[in-house]
Amino acid sequence: MPVRTVLERGPKGKKAVAFAIDWPGWSRGAKAPDLALATLESYRRRYRPIALAAGMADEFDTAGPLDVIEDRIGTGSTDFWGISFSPSSFEQGQMDDTEIDRKINLLRASWAFFDSVAARVSAEMRKGPRGGGRDRDRIIRHTIRTESEDFAKRVGLRIPEGGALTPDGLVAHRESYVAAIRAYNGGEGRRMVSWTLPFLIRHSAFHVMDHAWEMEDKDLSAEAQA
């Protein structure tokens with residue numbers, strides 16, 4: 001089966017993003033649609049550990065080429081960040097048990113990958129061309145806090161400020177987040193206005209993977225050893 005792919009263009013055509021609709025977290029942006037698709041394809045091998053950890057390696061390894069099933073216009077944030085900030089037409093309505101279990105497993109695998117990367121990269125990260133950029137611990141804090149204190153609110157989950165920044169707090173948050181996702185899919189809670197649950201899961205996985213890959217790319221461990 002081909003990889004069902006959505007291409008999302010910014011309203012002003014400044015940037016575009018391509019993402020695999022069935023593989024939450026496998027998403028890449030660029031300055032043009034063809035570059036976004038090429039970049040997404042180039043990250044296939046980097047996403048494979050997620051599929052492997054979720055028990056879906058065979059399915060992932062036998063997947064065919066990218067197949068654009070929707071070409072859509074996103075929001076202004078698509079132009080600014082090169083990130084998808086709205087659900088596609090394939091991310092509407094309630095998910096059945098098979099779909100939600102699959103996506104939660106991939107989200108959990110994304111969390112595990114992020115944690116493993118955070119544990120092995122250098123505390124100091126490679127700086128940008130102008131000397132800017134966050135160190136490892138700031139990236140970790142940003143990633144965890146954005147999910148636990150922003151994304152999770154979409155399904156009615158509230159957490160004290162910084163409540164997920166301890167090891168025990170992070171474990172508790174993730175379990176509560178999964179439970180809230182399942183409850184929301186079952187019809188509980190106030191409905192989201194502009195987001196949908198499949199998009200929330202995809203966006204959560206993307207945010208985790210994007211920063212995990214950022215840490216890998218900026219890791220200075222090899223240079224330190226040399």
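At what angle do α6 and α8 pack, and how far apart are their axes? The legends below take up this question first, and each view is drawn from a predicted model.

**View 1. Packing of α6 against α8.** In this predicted model, α6 and α8 pack at an angle of about 180°, and their axes lie 10 Å apart. Because angles over 145 degrees count as roughly antiparallel, the two helices α6 and α8 are roughly antiparallel to each other. On the α6 side the contact is made by R136, I139, I140, H142, T143, T146 and E147, and on the α8 side by S204, H207, V208, H211, E214 and M215. By residue class, the contact of α6 with α8 divides into four nonpolar, six polar and three charged residues.

**View 2. Packing of α7 against α8.** Helix α8, which covers residues 197-218, packs with α7 at an angle of about 160°, with 10 Å between the axes. That angle makes α7 roughly antiparallel to α8, and the crossing of the two helices is left-handed. The residues Y177, I181, Y184 and N185 in α7 meet L197, L200, I201 and S204 in α8. Six of the residues in this contact of α7 with α8 are nonpolar and two are polar, while no charged residue takes part.

**View 3. Packing of α2 against α8.** Helix α2, made up of residues 44-53, packs with α8 at an angle of about 120°, and the axes are 12 Å apart. The helices α2 and α8 are therefore oblique to each other, and α2 passes α8 in a right-handed crossing. From α2, the residues R46, Y47 and I50 meet M209, W213, E216 and D217 of α8. The residues of the contact of α2 with α8 comprise four nonpolar and three charged, with no polar residue.

**View 4. The largest pocket and its lining.** About 360 Å³ of space lies in the largest pocket, and of the 20 residues that line this pocket, I83, H142, H207, D210 and H211 are the closest to its centre. Both α6 and α8 supply at least two residues of the lining, and the largest share, eight residues, comes from α8. Sorted by class, the lining of the largest pocket holds eight nonpolar, five polar and seven charged residues.

**View 5. The second largest pocket and its lining.** The second largest pocket holds about 250 Å³ of space and is lined by 15 residues, of which K153, R154, V155, G156 and R190 lie nearest its centre. The residues of this lining divide into six nonpolar, three polar and six charged.

**View 6. The cavity and the residues around it.** One cavity of 30 Å³ or more is present in the structure, and the largest cavity has a volume of about 50 Å³. The lining of the largest cavity is formed by W111, F114, T143, I144, E147, L170, H173, R174 and V208. The elements that give two or more residues to this lining are α5 (97-120), α6 (136-149) and α7 (167-185). Five of the lining residues of the largest cavity are nonpolar, two are polar and two are charged.

Methods
Residues are numbered from 1 along each chain as its sequence is written. This is a predicted model: local features need pLDDT of at least 70, side-chain atom pairs count only at pLDDT 80 or more; totals for chains, interfaces and linings use all residues. Side-chain values use heavy atoms; hydrogens and water are left out. On a 1 Å grid over the protein atoms alone, a cavity is a set of points where a 1.4 Å probe fits but cannot get out, and a pocket is an open set with protein on both sides within 12 Å along at least five of seven lines; lining residues have an atom within 4 Å of a point. Grid points are joined across faces, edges and corners, and a volume is the space filled by probe spheres set on the points. Helices (H or I, at least four residues) and strands (E, at least two) are DSSP runs, numbered from the N terminus. Ala, Val, Leu, Ile, Met, Phe, Trp, Tyr, Cys and Pro count as nonpolar, Asp, Glu, Lys and Arg as charged, and the others, Gly among them, as polar. Axes are lines fitted to C-alpha atoms, for helices over the stretch in contact, and angles run from 0 to 180 degrees between N-to-C directions. Angles under 35 degrees count as roughly parallel, over 145 as roughly antiparallel, 65 to 115 as roughly perpendicular and the rest as oblique. A crossing is left-handed if the near helix is turned anticlockwise from the far one by less than a right angle, and right-handed if clockwise. Contact means heavy atoms within 4.5 Å.
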